[in-house]
Amino acid sequence: MSDHAPVKPVTQTIANLGGEIPPGIMPLPGLDTVWYRLPQAGKQAEARILEMLANPRETWIKAFNFSLAALFTAIEAASKDGVVIHALIDHTQECGPSEKVPVLELAKACPNCEFIVSTAGPDSDHSGYILHDKALVVAPEVGFEHECWSGSVNLSQMGFSQANIATYFRSDVWAKDFINDFNRCRTWALANEKQYQLAPSS
């Protein structure tokens with residue numbers, strides 16, 4: 001007998017897609033799992049990410065490219081509702097002038113959230129290598145498991161129009177491992193990569 005909270009059935013996910021399964025989307029058995037093939041299902045995949053933040057709860061994000069304007073809007077709205085968003089983002093994507101300014105503006109608009117810049121993290125043998133994750137975990141509603149997202153699609157304006165795959169699912173086990181690893185990498189980045197961190201809000 002499982003000790004985990006119940007999961008929403010896949011039928012609810014399909015209902016959210018309008019009652020039909022669009023091309024490029026494959027519901028998978030168990031844990032309310034849906035697989036997206038992009039760009040065919042790019043609009044639906046992007047909508048799913050934004051839906052995860054539409055009823056905001058504490059959220060953890062690891063991202064190589066972190067520049068999707070609609071995601072920034074959702075994060076800012078969640079922050080205004082008092083929700084804490086934790087983001088761990090890659091140094092090569094967030095240290096250039098054009099990339100850094102929007103993230104700095106988001107950080108100033110969301111003082112209760114954190115945006116940590118990192119390289120590949122404490123387990124890499126190469127200090128300059130990249131953080132290439134594209135993953136998201138959202139704390140669950142009462143009675144359900146954590147919402148999770150993982151795949152190859154960048155959280156960018158072009159990412160959902162390119163050839164990628166992504167999976168939405170619910171899993172307390174996966175979320176616990178992800179959050180534990182996030183916190184470990186966060187602590188390491190703050191201690192060892194201070195040169196990459198965003199300037200404090202003025």
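**Entry 1: overall fold.** I counted six helices and eight strands in the protein chain. The model is predicted. Reading along the sequence, I noted the pattern α-β-β-α-β-α-β-α-α-β-β-β-β-α. I then looked up the contacts in the protein chain between residues at least 6 apart in sequence, and 70% of them join residues at least 24 apart.

**Entry 2: burial and cores.** I checked burial next. Of the 202 residues in the protein chain, 46% are buried. The largest nonpolar core holds 39 residues. Which of its members touch the most others? I found Y36, I61, F66, I75, F115, W149 and F160. Helix α3 gives this core its largest share, five residues. I also noted a second, separate core of 15 residues, with I116, L131, A139 and I179 among them.

**Entry 3: I75.** I left aside its neighbours within four places in sequence. That gave contacts with L53, I61, F66, I85, L106, C110 and F115.

**Entry 4: α2 against α3.** I turned to a helix pair. Helix α2 covers residues 42-52, and helix α3 covers residues 69-80. They pack at an angle of about 15°, and their axes lie 9 Å apart. Angles under 35 degrees count as roughly parallel, so α2 is roughly parallel to α3. The crossing of α2 past α3 is right-handed.

**Entry 5: who meets whom.** Which residues form this contact? From α2 I listed E46, I49 and L50. They meet A70, L71 and A74 in α3.

How values were computed. Residues numbered from 1 in each chain as written. Predicted model: local features only at pLDDT ≥ 70, side-chain atom pairs only at ≥ 80, totals over all residues. Heavy atoms only, no water. Axes fitted to C-alpha atoms, helices over the stretch in contact; angles between N-to-C directions. Helix = DSSP H or I, 4+ residues; strand = E, 2+ residues; numbered from the N terminus. Parallel < 35°, antiparallel > 145°, perpendicular 65-115°, else oblique. Left-handed = near helix turned anticlockwise from the far one by under 90°. Contact = heavy atoms within 4.5 Å. Core = buried A, V, L, I, M, F, W, Y, C linked by side-chain atoms within 4.5 Å. Buried < 20%, exposed > 50% of the residue type's maximum accessible area, 1.4 Å probe, protein only.
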